[in-house]
Amino acid sequence: MKKRCTFLGCLLVLILCPVLLPAQTGFREIRRMDCAGYSITADHLGNLYILEGAGVSRRDTGGRVLYTYSDLAAGRFSSLDASDPLKLLLFNRDFSSIRLLDQKLSLQGSEILMPPEIRGNVSLACTSYESGYWVYDAVNVELLRFNHQ
């Protein structure tokens with residue numbers, strides 16, 4: 001009897017829930033800004049990183065540009081991993097390379113090239129634990145982890 005009452009109670013809630021609760025509108029616009037970027041990401045501190053041309057810019061929550069990094073010789077960057085705002089990973093698919101940037105978008109160390117056996121096959125890259133990074137080899141359909149010291 002108790003199971004039947006619980007089941008009927010749950011069924012009643014599921015039927016009446018859409019009627020009694022107002023429809024959720026989802027996201028609401030907080031701010032609008034113009035940019036010429038082709039990719040955007042954010043860190044957990046609220047900073048926006050916009051890939052534009054041959055570089056990246058960091059903007060605060062108000063949309064003001066705080067820092068920029070660019071390298072015309074590197075071409076167009078593919079993605080930016082901002083999961084750690086103190087160590088940003090900037091990936092260039094065309095050159096199979098990674099650049100690590102600090103919170104002020106200054107280059108940390110030199111460019112990291114993919115190993116020769118997978119160079120040209122890597123389509124994605126992101127940071128990992130203990131100074132490592134993950135790359136996805138699209139040709140061999142493999143996820144690989146590398147350390148960078």
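Visitor: Is Asp81 buried or exposed?
Guide: Asp81 counts as buried because its relative accessibility is 13%; buried means under 20% relative accessible area, exposed over 50%, partly exposed in between, with a 1.4 Å probe and protein chains only. This is a predicted model: local features need pLDDT of at least 70, side-chain atom pairs count only at pLDDT 80 or more, and totals for chains, interfaces and linings use all residues. Residues are numbered from 1 along each chain as its sequence is written, and side-chain values use heavy atoms, leaving out hydrogens and water.

Visitor: Which strand is Asp81 in?
Guide: Asp81 sits in β5, residues 79-81. Strands are DSSP runs of E, at least two residues, numbered from the N terminus.

Visitor: What does the side chain of Asp81 reach?
Guide: It makes a 3.0 Å polar contact with the side chain of Ser83. A polar atom of the Asp81 side chain also lies 2.7 Å from the backbone nitrogen of Thr127. A polar contact is a pair of N or O atoms within 3.5 Å; within protein, one must be able to donate a hydrogen and the other to accept it, and residues adjacent in sequence count only if both atoms are side-chain atoms.

Visitor: Now Asp102. Where is it?
Guide: In the loop between β7 (97-101) and β8 (112-113).

Visitor: And what does its side chain reach?
Guide: The backbone nitrogen of Lys104, at 3.0 Å.

Visitor: Which residues does Asp102 contact beyond four places in sequence?
Guide: Pro85, Leu86, Leu88 and Gln108. Contact means heavy atoms within 4.5 Å.

Key:
Helices (H or I, at least four residues) and strands (E, at least two) are DSSP runs, numbered from the N terminus.
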